[in-house]
Amino acid sequence: MNDVTLQASVLRNYYEGLSRGVFRAMKCSRCNGITFPPTGCCEHCGGWDVEETALSGDATLVFATHNITPACHPRFEEIAPYVYGHLQLAEGPCVQAIVLGVEATPEALRKVFEAGPVPAKAEVLKMADLDVLAFRAKA
Ligand SMILES: [Zn+2]
């Protein structure tokens, strides 16, 4: 399998899992590092001996903001304005994703900021053309 075919396969499996509420990453058999979003190699040691693993979906929201600029893709216009954040997955990697459960207002974001890191749980956002990973803050 060449690199392009491998990456296509990894992405296809990622989105197939997402459509069923399974959050896939890659686990390295050399260093045990978790790579997310999944790719064909380990982001920690560069090794190619990785295999799929399911994430718990547990995360910590460490930063959140709202998008006051136009959505990054037309598919997101229907949910704008929305909150976008940085989350640390229970398994280690940090990701950026849409955050559900927090109103996209300065007041609501201030409450989240003042509360400090809050727990969040992965959720699938069903868009018209694509399932998207999001996290629901338990603020
Ligand atoms: Zn590794």
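The structure on the screen is a predicted model, in which local features need pLDDT of at least 70 and side-chain atom pairs count only at pLDDT 80 or more, while totals for chains, interfaces and linings use all residues. Residues are numbered from 1 along each chain as its sequence is written, and side-chain values use heavy atoms, with hydrogens and water left out.

Leucine 89 belongs to strand E5; helices (H or I, at least four residues) and strands (E, at least two) are DSSP runs, numbered from the N terminus. The relative accessible area of leucine 89 is 5%, and the residue is buried. Here buried means under 20% relative accessible area, exposed over 50%, and partly exposed in between, with a 1.4 Å probe and protein chains only. Draw a distance from leucine 89 to alanine 59: the two are 30 residues apart in sequence, yet their C-alpha atoms are 4.2 Å apart.

**The cavity**

A cavity is a set of points on a 1 Å grid over the protein atoms alone where a 1.4 Å probe fits but cannot get out; a pocket is an open set with protein on both sides within 12 Å along at least five of seven lines, and lining residues have an atom within 4 Å of a point. The whole structure holds one cavity of 30 Å³ or more, and the space in the largest cavity is about 40 Å³. A volume is the space filled by probe spheres set on the grid points, which are joined across faces, edges and corners. Coloured by residue class, the lining of the largest cavity shows seven nonpolar, one polar and two charged residues. In this scheme Ala, Val, Leu, Ile, Met, Phe, Trp, Tyr, Cys and Pro count as nonpolar, Asp, Glu, Lys and Arg as charged, and the others, Gly among them, as polar.

Next, show the largest pocket, with a volume of about 390 Å³. Its lining has 20 residues, and those closest to the centre are Tyr14, Tyr15, Gln96, Val132 and Leu133. Helix H1 (3–19), strand E6 (94–100) and strand E8 (131–137) are the elements that give two or more residues to this lining. Which element gives the most to the lining of the largest pocket? That element is E6, with five residues. By class, the pocket lining divides into 17 nonpolar, one polar and two charged residues.

**The zinc site**

Now select the zinc ion, which is coordinated by the SG atoms of Cys28, Cys31, Cys42 and Cys45 at 2.3 to 2.4 Å. Donors are N, O and S atoms within 2.8 Å of the metal (3.2 Å for Na, K and Ca); water is not among the atoms, so sites may look incomplete. The angles among the four donor atoms run from 103 to 118°, and the site is tetrahedral. Four donors count as tetrahedral if all angles lie between 85 and 135 degrees. Along the chain, the donors follow the spacing C-x2-C-x10-C-x2-C. Cysteine 28 lies in strand E1 (residues 24–28) and cysteine 45 in the loop between strand E2 (34–35) and strand E3 (50–54), so the pair ties together parts that are 17 residues apart in sequence.

Is each of these two cysteines buried or partly exposed? Cysteine 28 is buried, at a relative accessible area of 1%, whereas cysteine 45 is partly exposed, at 30%. Beyond its neighbours within four places in sequence, cysteine 45 is in contact with Cys28, Arg30 and Cys31.

Move to asparagine 32, in the loop between E1 and E2. Phi of asparagine 32 is near 65°, a positive value in a residue other than glycine. Isoleucine 34 lies in strand E2 and counts as buried, at 12% relative accessibility.

Two cis peptide bonds complete the tour. One runs from phenylalanine 36 to proline 37, with omega near -5°; proline 37 is in the loop between E2 and E3. Another joins alanine 80 and proline 81, with omega about -5°, and proline 81 is in the loop between strand E4 (58–66) and strand E5 (83–89).

How values were computed: Tetrahedral: all angles 85-135°; square planar, octahedral: opposite > 155°, others 65-115°. Contact = heavy atoms within 4.5 Å.
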